[in-house]
Amino acid sequence: MNDQQQQQQPKTKMSTIYLNQNAGGSWSEFFGDIYSGIAVGIGHPKWVVEKAIDQGVKAISSLTGMASSSSSADSSSNNSSIDNGKLDGSLKVIGVGYGRTGTYSLALALDELGFPTLHTQHLYENQKIFTHFVDNIFYKSIQQDEVITPDMYTPDFDLLLDGGFTATMDLPFALYYKQIHEIYPDCKFILTVRENSEVWFRSWDVLTKSITQPAQYGSFFFTHVNRLNYYMRWLFSIVNSDKTYLNAPFPLPPQNKARSISSYEAHNQKVRNSIPSSHLLEYNVREGWEPLCSFLEIPEANCPSTHGIPFPKSNSARAVTWQAYSSFIGPLVLTVFILFSVFSLVFRKVTGMSVISWCLFVKAKFMHWTNESLKERTKRNKNKMGMKMD
């Protein structure tokens, strides 16, 4: 760890949508999980919309001759990002724990300590890196109907540095610890674990059930969701040691508990056997800042715990479930809104009335018809009664 990083003061700002420091089991924790899940879930379609708008602006700019100035600005921005991100040209920290072991909380903690961290949850937002993995590993596995494992292909990890990242968390990066250790011998590795394998599988199972349905329906409409579908199929094949997930029709088979737990435990043991103890921290996020700061050689005076900054807590099973709901429902509501707006404009042009005015008009006609029918029926009943009396 160089002197510049050791002297770096911890940041004091952290995204509140991810933080839920309330006592376990409390109502505050319950609503905090729901809020953070919805906030993160809505962030995914928000990114899609922003990307679409950005592409539209660039297309218009290219037509109006403003593309050169825009691209030069983007280029300088990217170069700045690369210069800031590469630091001394090597990856610093790699999370080698399976998903659902507190990897997102740890990613936020590393960001707080000054290590720009790429978590798999934001992999799709970094197109160069994501495309590299999709083209060479995820989609290629599906095409070949054969899982491309870490010992079969080594990704270009410099893409992470080019993107301004010095750390990663979660799968797929967690699987490439041997290659990363060989390429970046000074890199440190953190093996995140849960209390036991049963606890891990319960959380993993909740995640897979939560993301499968949005992927099933969203892949028909959004290209990036379809690419996430490729990643999900490859990931399930890796964790379950079963290639049938690659090309199985939806709904995908459920997670195999025995195989998943065996994969989780075998991976953890291989990490322990492969990475020197001086470069490996086995860690449960419940341990907080102290062991993390000590392992990363952060001076005690600069450790967030010294400044009373709570350790991030995010992505609980409940939050993940709500995240999946909101990421699926959000685009659906937006699509319905856009279609209704277009329909309303066309309707007004054709009929000269707004949809609401037309509905009120139809309602009035229906009420008038109903009243007239009731009057007619009442009149007929009175006539029948009069005839009977005669």
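Before anything else, I wrote down a term: two strands pair if DSSP finds at least two bridges between them. I also noted that this is a predicted model.

**Entry 1: the sheet**

I looked up the strand order. The sheet is open and has 5 strands, in the order β2-β3-β1-β4-β5. The pairing is parallel. At the edges I found β2 (117-119) and β5 (280-283), each of which pairs on one side only.

**Entry 2: the bridges**

I went through the pairs. Strand β1 (residues 93-95) pairs with strand β3 (residues 167-169) over 2 bridges, in the parallel sense. There, I94 stands opposite T168 of β3. On to β1 and β4: this parallel pair has 3 bridges. Which residue in β4 is the bridge partner of V93? I found K188. Next came β4 and β5, which pair in the parallel sense over 4 bridges. In that pair, T192 stands opposite Y283 in β5.

**Entry 3: strand β4**

Is β4 enclosed or open? I checked its residues, with buried meaning under 20% relative accessible area. Of the 5 residues of β4, 5 are buried, so this strand is largely enclosed by the rest of the structure. I recalled that in a regular strand the side chains alternate between the two faces of the sheet. In β4, K188, I190 and T192 are on one side, and F189 and L191 are on the other. Both faces are covered.

**Entry 4: helix α4**

I turned to helix α4 (residues 103-112). This helix lies across β1, β2, β3, β4 (188-192) and β5. Against β2, α4 runs at about 165°. I counted 9 of its 10 residues as buried, so α4 is largely enclosed by the rest of the structure. Among the buried ones are T103, Y104, S105 and E112. What covers them? The cover of the buried residues of α4 includes β1, β2, β3, β4, β5 and α11 (289-295). Just after α4, I noted G114, which takes a positive phi of about 100°.

**Entry 5: the patch**

F337, I338, V342, V346 and V350 make a nonpolar patch of about 500 Å². I picked out V346, which is found in helix α12 (residues 317-351).

Note on methods. Residues numbered from 1 in each chain as written. Predicted model: local features only at pLDDT ≥ 70, side-chain atom pairs only at ≥ 80, totals over all residues. Heavy atoms only, no water. Contact = heavy atoms within 4.5 Å. Axes fitted to C-alpha atoms, helices over the stretch in contact; angles between N-to-C directions. Patch = residues over 30% accessible without salt bridge, like charges linked within 9 Å, V, L, I, M, F, W, Y side chains within 5 Å. Areas by Shrake-Rupley, 256 points an atom, 1.4 Å probe, with all protein chains shown as cover. Salt bridge = Lys/Arg side-chain N within 4 Å of Asp/Glu carboxyl O. Buried < 20%, exposed > 50% of the residue type's maximum accessible area, 1.4 Å probe, protein only.
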